[in-house]
Each structure stands twice: as C-alpha cells, then as structure tokens.
Amino acid sequence: MQFVKGPPAEVALNRLIEGNKEFVAAGLDNGNYTRERRIKTAENGQQPYAVVISCSDSRVIPEAIFSAGIGDLFVIRTAGNTIDEGTLGSIEYAVEHLGCNLVVVLGHTNCGAVTAALQDHKGMKVQAILDKIMEAAGDETDPIKISELNIRQSVRVISDDLIMDEGVSVLSAIYDLREGTVRFM
C-alpha cells in the first residue's frame, strides 16, 4: 500500500497561522464547505494537511479557528486535550496513512476540564482525564499555566509513544477563547 505524503510540517504550520489570522480579522470561517468540496472528498478521500488534537469544549472549533474546510484538518477531540491509546492510534493513522506532517495539541483558555481537576471533581470515567491534567499541573494552581503544562505533557506523550518519520513535527498551541488567537508555544 502506498501512502500519501502531505506538505512539510512548516508549510502546514504556515497554513494554520495564516488561517487563524483570517479568522481573527474576518470574524468568520473562510474554509471550503461547498457541495463540490464534499463530493470531491467523498470520491477522492481526505488529504488533511495537519492533525489537531483539541479539547471537546464546544467553543473550540479547529476548522473555524484555522479557516479550514472539509478535508483540511484531521481533528481529534478529547476533554482537556488529553492523550490516550485511542488518540495515539488516531494520530498514527493520520501521519502514516494520510501523510500529515504536522501534529498540533491545541489547548485553550478557560478550560472546564482544568477547572474540574482543580476543584477535585470526582467521576467514574472522567477521572482518568482529570488525573492526567493534575499530573501535568504538579504544584501549579494557575488555570492558564496548568492548561499550558497539560498541553506540553500531551506533546511529550505523543513524542514518546509514537515513532514519527523524519519531517513530522509535534507542536503545542493555546487558543484564547476571548480573542480568537492561537499562540504556538
């Protein structure tokens, strides 16, 4: 089986940065959601230029944030943008089978999962997520700093657990809910 090789990570990163600038400036999503695009990707498959692991928070919409359309991003969403085996498998699939050379862990400000972890929320299945966030937090108590530490921990887990081809980059970024901007860390 021959795999597609996508654009270099640097090219993909520039597309994300420029897309976010368009999103912030225009206040709307400029991605391609046309009928023609749906048909093209249905018939020819997807060719995303980046993998974005983001929080499940309904205010964080990677396609809109980066002005991307149908087939542009391979998005994986988990509460608190934490990484588990399913997430790692999805990343591996996107990199190996779809040719994505850029993986971005996108956290955000005012993260409910971080707040729940700080408030020592208890739950059955959610506990695994909150434990990962608190592990990343260590002794930190500032929610923004914890979000950043959590993002970096997710990047470490991906980098440590997946064997990536040369040219694949794993980056951390944080989305500001109020401003709409993405800061790559």
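Predicted model: local features only at pLDDT ≥ 70, side-chain atom pairs only at ≥ 80, totals over all residues.
**Aromatic rings**

The count of aromatic pairs is one. Its partners are Phe74 and Tyr93, with ring centres 6.1 Å apart. Their planes meet at 45°, so the pair is tilted: stacked needs under 30 degrees and edge-to-face over 60. Phe74 belongs to strand β2 (residues 73–77), while Tyr93 belongs to helix α4 (residues 85–98). The pair therefore ties together parts that lie 19 residues apart in sequence.

Arg15 places its charged end over the ring of Tyr49, 3.7 Å from the ring centre.

**Burial**

Which class does each residue fall into? The cut-offs are under 20% for buried and over 50% for exposed, with partly exposed in between.

| Residue | Relative accessibility | Class |
|---|---|---|
| Phe74 | 14% | buried |
| Tyr93 | 39% | partly exposed |
| Asn81 | 2% | buried |

**Asn81**

Asn81 sits in the loop between β2 and α4. What does Asn81 touch, leaving aside its neighbours within four places in sequence? Its contacts are Ile53, Ser54 and Cys55, then Val105, Leu106 and Gly107, and also Asn150, Ile151 and Ser154. With a relative accessible area of 2%, Asn81 counts as buried because the cut-off is under 20%.

**Helix α2**

Helix α2 spans residues 35–44 and is hardly covered. Of its 10 residues, one is buried.

Note on methods. Residues numbered from 1 in each chain as written. Heavy atoms only, no water. Buried < 20%, exposed > 50% of the residue type's maximum accessible area, 1.4 Å probe, protein only. Helix = DSSP H or I, 4+ residues; strand = E, 2+ residues; numbered from the N terminus. Phe/Tyr/Trp six-rings, centres within 6.5 Å; stacked < 30°, edge-to-face > 60°. Lys NZ or Arg CZ within 6 Å of the ring centre and 35° of its normal. Contact = heavy atoms within 4.5 Å.
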